[in-house]
Structure formats: structure tokens, C-alpha cells
Amino acid sequence: MPVFSHASGCYTARMAPKVLQRFDDTSLVRFVQRHRFVVTLVIVLSIATAVYCWRLGAGSLITADEGIHAAVTQHMRLSGDWLNMDFLGKDYFRKPPLAFWLRVIIQNMFGVSEFTYRFGSALGGVGTVFVLALWAWQWTRKMSAVLLTGIIFPLLPITFVHTFRSGET
């Protein structure tokens, strides 16, 4: 009969199932089995964060809207006036101020860069994936629906390029 060693001594082949049974009873395995939804949600949010934040600050501001929103954010940050949005000396009311406020807060915390300018949109994307995953779970009660929602939605071209990876929103 084959014998293999273990840190606490030698085991025979007949004792191997008991060793595997000990592995199955670990606290991590039990946690995953009991909290499948939480683990799936963490996986989904990790995927969304990786998709939306990967090389977020690698390129310069691309579109005219990104440049305009960056200028409005910069004026708001430098002037300290968070109520009156201004672009080239004129009032700017084309977007609600919440996104600009978020950009100013992030830039005050981490400095001014393309990454910090786009990071608020990426956070919005991760939050949207979170809400969609919760909705998929409530509607279907299937982990596969939660996983598909968390994988497909971030990879849609409109959400990947325009909405949550740029400073346009």
C-alpha cells in the first residue's frame, strides 16, 4: 500500500479521503458555500473595477466635452465657488453639478491628472454594475445571471468607451 508523508506523520492511501475531508471543512470553503452571493458580488465588482480603471489615466483628454468639463472642474477647484459653474467667463449649465463636485473632491485628495479627472465616472460605472447585479439577483435568484450582468455590462461599447471611462459624463 502506498505511503505518503505529511507534516504530522505518515498516511496510507486509505487515510487520504480523511485528509481531503479536512480540506473541505476549512473555514474558507464553508464561508464561500454560505455566502455565495457575497463572493459572487465581490468577483463581479472586481471585474468591473478592473475594466473601468485599467489604464484610466493613460491618454490625454480626448473629446471636446472632456476638455470643457476639465476646465469647468479646474475653475471650480481654483475659485472655491462650487455653486456657479463657469466656462470661459460664461455660466455653464449643460450638466448637473454633482459630477463636477465629485471631480473636485477627488482632485483635492489625489492631485490633478487624467486619472483623477475620469475616476468619478469609473466609480459611477462600478456603482451601476453593483445595482444591476443586485437587480439580477432579486429578479432571478441565479448566480449565473449576476455573473453575466457583471461581465457583459462593463464590456458594452457604449459603457466602456463613452460613459464610464471618460470625463464626459
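Helix α8 (residues 157–163) gives the largest share of the lining of the largest pocket, namely 3 residues, where helices (H or I, at least four residues) are DSSP runs numbered from the N terminus. This is a predicted model, in which local features need pLDDT of at least 70 and side-chain atom pairs count only at pLDDT 80 or more, while totals for chains, interfaces and linings use all residues. Residues are numbered from 1 along each chain as its sequence is written, and side-chain values use heavy atoms, with hydrogens and water left out.

The lining of the largest pocket comprises 13 residues, and Ile62, Arg118, Val161, Arg165 and Ser166 are those that lie nearest its centre. A pocket here is an open set of points on a 1 Å grid over the protein atoms alone, where a 1.4 Å probe fits, with protein on both sides within 12 Å along at least five of seven lines, and lining residues have an atom within 4 Å of a point. The volume of the largest pocket is about 210 Å³, a volume being the space filled by probe spheres set on the points. Sorted by class, its lining has 5 charged, 4 polar and 4 nonpolar residues.

Turning to the aromatic residues, a search of the whole structure finds 5 aromatic pairs, counted where ring centres of Phe, Tyr and Trp (its six-membered ring) lie within 6.5 Å, with planes under 30 degrees apart called stacked, over 60 edge-to-face and the rest tilted. One of them joins Phe87 and Tyr92 edge-to-face, at 6.4 Å centre to centre and 65° between the planes. Tyr92 is buried, with a relative accessible area of 6%, whereas Phe87, at 24%, is partly exposed; buried means under 20% relative accessible area, exposed over 50%, and partly exposed in between (1.4 Å probe, protein chains only). Trp135 and Trp139 form a stacked pair, 5.1 Å centre to centre with 20° between the planes. These two residues are separated by about one helical turn, because they are 4 residues apart in helix α6 (residues 114–140), and both Trp135 and Trp139 are exposed.

Phe87 and Tyr92 also belong, together with Phe100, to one aromatic cluster. The charged end of Arg103 sits over the ring of Phe100, 5.2 Å from its centre, the criterion being NZ of Lys or CZ of Arg within 6 Å of the ring centre and within 35 degrees of the ring normal. Elsewhere, Arg55 lies over the face of Trp54, at 5.7 Å from the ring centre.

Conventions:
Ala, Val, Leu, Ile, Met, Phe, Trp, Tyr, Cys and Pro count as nonpolar, Asp, Glu, Lys and Arg as charged, and the others, Gly among them, as polar.
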